[in-house]
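Try each task first, then follow the solution step by step.

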Amino acid sequence: MNEAQVRELVEAKLATIPDFPEPGIVFRDLTPVFADGPAFHALSEALTAPFAGRFDHLAGLEARGFLLAGAASALCGAGVLPVRKAGKLPRAVLREEYDLEYGTAALEVHEGELPPGSRVLIIDDVLATGGTVEAAARLIERAGWHVAGVSVAIELGGLGGRDRLGARYEIRSLLTY
């Protein structure tokens with residue numbers, strides 16, 4: 001299936017919910033895509049295909065990024081690096097804080113989880129303002145690994161995420177709104 005066909009399939013399954021989580025926001029819900037085996041398979045393949053041969057591991061960002069990275073891993077054979085919210089990992093961690101609209105948050109990975117120099121493709125459901133992806137990329141680089149790129153199912157184009165990440169990383173998004 002080519003990228004245009006995958007885009008069409010995913011868009012047909014995607015649920016659009018107006019005014020969620022607050023008035024004026026249009027939420028793009030991927031859970032119907034996850035529930036449809038062929039659509040989920042196609043999406044998972046499409047996220048890694050543009051980066052084929054250029055990564056060793058997939059970094060799944062909590063929480064929907066876990067689903068996408070896990071499925072893509074099963075298809076391409078790359079390992080998964082869980083990038084978790086703070087306080088969820090049991091061993092020694094590296095931590096990266098980032099700003100939210102109201103306050104801060106942090107992401108963590110286990111120290112030494114991957115060999116030095118590993119090429120890591122960041123996978124997530126949505127690229128919006130870019131804060132979470134940027135924090136994950138900084139964390140991966142601090143760990144001694146290389147960011148092979150960023151691949152997301154949906155990009156919210158008007159929120160500046162791509163601009164925030166700049167030309168530092170190749171960014172691929174299946175759908176842009």
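**Exercise 1. Find which elements the buried residues of α4 pack against.**

Solution. Step 1: the buried residues of α4 pack against α2, α3, β3 (57-61), β4 (79-85) and β7. Helices (H or I, at least four residues) and strands (E, at least two) are DSSP runs, numbered from the N terminus. Packing here is judged by contact, meaning heavy atoms within 4.5 Å.

Step 1: the buried residues in α4 are Gly65, Leu68, Ala69, Ala71, Ala72 and Ser73. Buried means under 20% relative accessible area, exposed over 50%, and partly exposed in between (1.4 Å probe, protein chains only).

Step 2: look along the helix. With 13 residues, α4 reaches 18 Å from its first C-alpha to its last, close to the 18 Å expected at 1.5 Å a residue; the expected span is 1.5 Å times one less than the number of residues. Just after α4, Gly77 has a positive phi of about 85 degrees.

A word on the model: it is predicted, so local features need pLDDT of at least 70 and side-chain atom pairs count only at pLDDT 80 or more, while totals for chains, interfaces and linings use all residues. Residues are numbered from 1 along each chain as its sequence is written, and side-chain values use heavy atoms, leaving out hydrogens and water.

**Exercise 2. Explore the largest nonpolar core.**

Solution. Step 1: this core has 27 residues, and Val10, Leu30, Leu43 and Leu58 touch the most other members. A nonpolar core is a set of buried Ala, Val, Leu, Ile, Met, Phe, Trp, Tyr and Cys residues joined through side-chain atoms within 4.5 Å.

Step 1: zoom in on Leu43. Not counting residues up to four places away in sequence, Leu43 touches Val6, Val10, Leu30, Val33, Leu68, Ala153 and Leu174.

**Exercise 3. Decide whether Ser173 is buried or exposed.**

Solution. Step 1: locate Ser173 in strand β9 (residues 171-176).

Step 1: Ser173 counts as buried because its relative accessible area is 17%.

Step 2: list the side-chain partners. Ser173 makes polar contacts with Glu155 at 2.9 Å and with Thr176 at 3.4 Å. A polar contact is a pair of N or O atoms within 3.5 Å; within protein, one must be able to donate a hydrogen and the other to accept it, and residues adjacent in sequence count only if both atoms are side-chain atoms.

**Exercise 4. Locate the cis peptide bond from Phe20 to Pro21.**

Solution. Step 1: the bond has omega near 5 degrees. Step 2: Pro21 sits in the loop between β1 (15-18) and β2 (26-29).
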